[in-house]
Amino acid sequence: MDGDFVIGGVFPIHLYKHTLRYNYTTVPEPLKCTGSIDSRHLRFSRAMIFAIEEINNSTELLPGIKLGYQIHDSCTFAPVTVSVAFQLSNRLDQAFHTGDNCSQSGMVVGVVGDSGSTLSMSMSRIIGPFNLPQVSYFSTCACLSDKTEYPNFFRTIPSDQFQADALAKLVKHFGWTWIGSVRSDSDYGNNGMASFLLTAQKEGICVEYSESFHRTHPRIKIQRVANVIRRSTATVVVAFITSAELRLLLEELSLEASPPRQWVGTEAWVTNQDMLRFKSCAGAIGFGIEQSVIPGFREFLLDLSPTKVASSPVLTEYWEDTFSCRLGKSAATGESMCDGSESIEALDNPYTDTSQLRITNMVYKAVYALAHALHKTLCQDKNSAFQCDKDNKISPKEVLTHLKNVSFVQNGYGVSFDANGDPVAKYELVNWQKSQSGNIEMVTVGYYDASFPVGQEFQINRKLVFMDGVNEVLKSVCSDRCPPGTWKVLQKQKPVCCYDCIPCPEGKISNVTDAPDCLPCPLEYWPNAERDTCFLKSVEFLSYDEVLGIILAAFSVGGACLTIMTAVVFFQHRTSPIVRANNSELSFLLLFSLTLCFLSSLTFIGAPSDWSCMLRHTAFGITFVLCISCVLGKTIVVLMAFKATFPGNNVTKWFGPTQQRMTVASVTFIQVLICTIWLVVSPPFPIKNLTINKKKIILECALGSAIGFWAVLGYIGLLAVFCLVFAILARNLPDSFNEAKLITFSMLIFCAVWITFIPAYISSPGKFTVAVEIFAILASSFGLIFCIFTPKCFIILFKPEKNTKKHLMNKNES
């Protein structure tokens, strides 16, 4: 239709082109589109005509100006699209030229189309240098947002970049981390899938396979893609593909038994009513352009009389194909003539279906966007009324400039473009659900709005149905999620979504699902059995509440009581010969020191503190030295007494009571001095030992200075060796005077206990180290009291007849 200004339109009305054979001897025929008519795209072209007629009847938009249109068929073939682009760029087309070269009649001021991204790219490269604005209704490739490549390109449908982000968020929302993908081998499919895969990788989604094909590829290529889908382990398939190519793939999959797949798709096919016939896609989920309402559009589509149809070759072809009759021609092919009874209202096909106008509204808005840009170029607001000059000489560049800034609302839907020529991204989340009748219906279950804040763009407000009619979210993972207490170890030569769940090593936990690594517990904490929580370690020390501590404390107190009882017996019989003959002063001092030795072991029991750590080692060292010094004094007394029996020997005057006291005091003072230096320089102190037992905190006393500790023990050992040597030297005294033998036995036990103590002390863990030390103290103390005092007490209490001076002097006959 001619007009003051013309808007071009390009739609793939036919599915296939006419194949030409070139013989290079004659001029080739013009490219022609053949095959069946796509009734959906025919509806799109009719929407353009409807919008232009609305604008021509409007008194507010372009008043007094009549818009015309040129609508071309690209048949989804790039060479045809290029040819159309040249025709639209040439304003002297024979079909519209009026003969007046100065007239603007037939001047194309903008183009609506094409549907495919590759086709739009081809067209933009032709008409772009002429600054002819192009507004696409269905080209979604993100590459078209590049204004350096396509400066004249706009679109009313959102870019695939937004849809790719939305699809990745959708897949992530359902926990599908192991998916397959198929795409059209075109700019739309390749660029769209590339954007999706990039976003999916950031979301932690892995792709098992990514296959591409084109509808013009040989069937063996499509068969290979179908076999990949059949053999895959991924349950979910994301399809960035056109309806025509997905139709071929689904038909190929239906030829053999295939496992069910959850299809996730783009608006290119998921909102196509014609695709609902594939029952295998029941449960499919995808994003579609918002549904809309165009008042009066259905009536316009159905208002087709035979006269109107006959005036359009495309409508004639559609009418004849739909009703299988010939219109106004002889039925030479055997078809019947159309008799006028044919009713398009009775048809149920995409042309008449206006229940879900989505892409149709994109065409409608594209026409209005160009009209508003032309309105800003031609019309001025004078006295609250627009006046437009149709004779005004304008260029397409002026329309292009105003098109960048258009912003209006049509039928409640806003239209505007950003700096890249893209609209605000808004999608409906569409789910294919089976109705009670068994047919598949498209149900809107949610929305996506890229203008919302991050994290709030995506909303689901209705229950979804997945493949096989299941309401529960299905699983599509390479490996199940690792529970807390384990961590992910990637499998070799596989994507990051394929991993093994390995339990955390000792001392580490993971308290989240799919932990990349295990974290160590703090020093004073230890993992539970499940290794998902750290709890405070149990504190261990030798206490009075446990059996071992009670037993050792009982022996310690019992030994002290036994020593006191022995002292009482000796005190009551202090005038008896056996007590007087055994140096009663040293004996009482020895009993006193033994009592302290038994009681010193009690300082080793209980929780260590600063005072208990310093007291336990020093008290033990000093009391034992006092004890050994008394034994040493008794041994020397025995030797001196034996030597004094020889005539002329006056040795006893050199080791009398005064010398004995000085010996005990000086020997003990040396140990006191060692302990004092130890406590001043580096005293023992309480510590929490976290290394001996990883699961427990061992409370113990650190030695402070190891030299001080071993000096204390070494000094005790040195005195014990002297006692043993002196006792051995006195072992041949008369049998009735057996003090030397008793001391020898006691020193043998003492030395044996403390020699075995050293390796046992070093190798015993935790509280058993303290127990070994207590055992050594008690064993050596009991050895002394039993070997030295038990025989005497036995004579005093049970053999008083032997407690005589004569018996002790060995003057009684046997």
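V681 is exposed, with a relative accessible area of 64%; exposed here means over 50%, buried under 20% and partly exposed in between, with a 1.4 Å probe and protein chains only. The model is a predicted one, in which local features need pLDDT of at least 70 and side-chain atom pairs count only at pLDDT 80 or more, while totals for chains, interfaces and linings use all residues. Residues are numbered from 1 along each chain as its sequence is written, and side-chain values use heavy atoms, with hydrogens and water left out.

V681 belongs to helix α18 (residues 657-681); helices are DSSP runs of H or I of at least four residues, strands are runs of E of at least two, and both are numbered from the N terminus. Together with F669, V672, L673, I677 and V680, V681 makes a nonpolar surface patch of about 580 Å². The areas come from the Shrake-Rupley method with a 1.4 Å probe.

Rings of Phe, Tyr and Trp (its six-membered ring) pair if their centres lie within 6.5 Å, and planes under 30 degrees apart count as stacked, over 60 as edge-to-face and the rest as tilted. The count by this rule is 27 aromatic pairs. In one of them, Y427 and Y448 have ring centres 6.2 Å apart and planes at 40°, so the pair is tilted. Because Y427 lies in strand β19 (residues 426-434) and Y448 in strand β20 (residues 440-449), the pair ties together parts that are 21 residues apart in sequence. Y427 is buried at 1% relative accessibility, and Y448 is buried at 4%. F571 and F588 form an edge-to-face pair, 6.4 Å centre to centre with 70° between the planes. This pair links F571 in helix α14 (residues 547-572) to F588 in helix α16 (residues 584-600), 17 residues apart. F571 is partly exposed at 47% relative accessibility, as is F588 at 26%. Elsewhere, ring pairs link F50, F297, F300, Y364 and Y368 into a cluster.

Helix α3 (residues 117-127) is largely enclosed by the rest of the structure, because nine of its 11 residues are buried. Among these buried residues are L119, M121, M123, I126 and I127.

Terms used. Patch = residues over 30% accessible without salt bridge, like charges linked within 9 Å, V, L, I, M, F, W, Y side chains within 5 Å. Salt bridge = Lys/Arg side-chain N within 4 Å of Asp/Glu carboxyl O.
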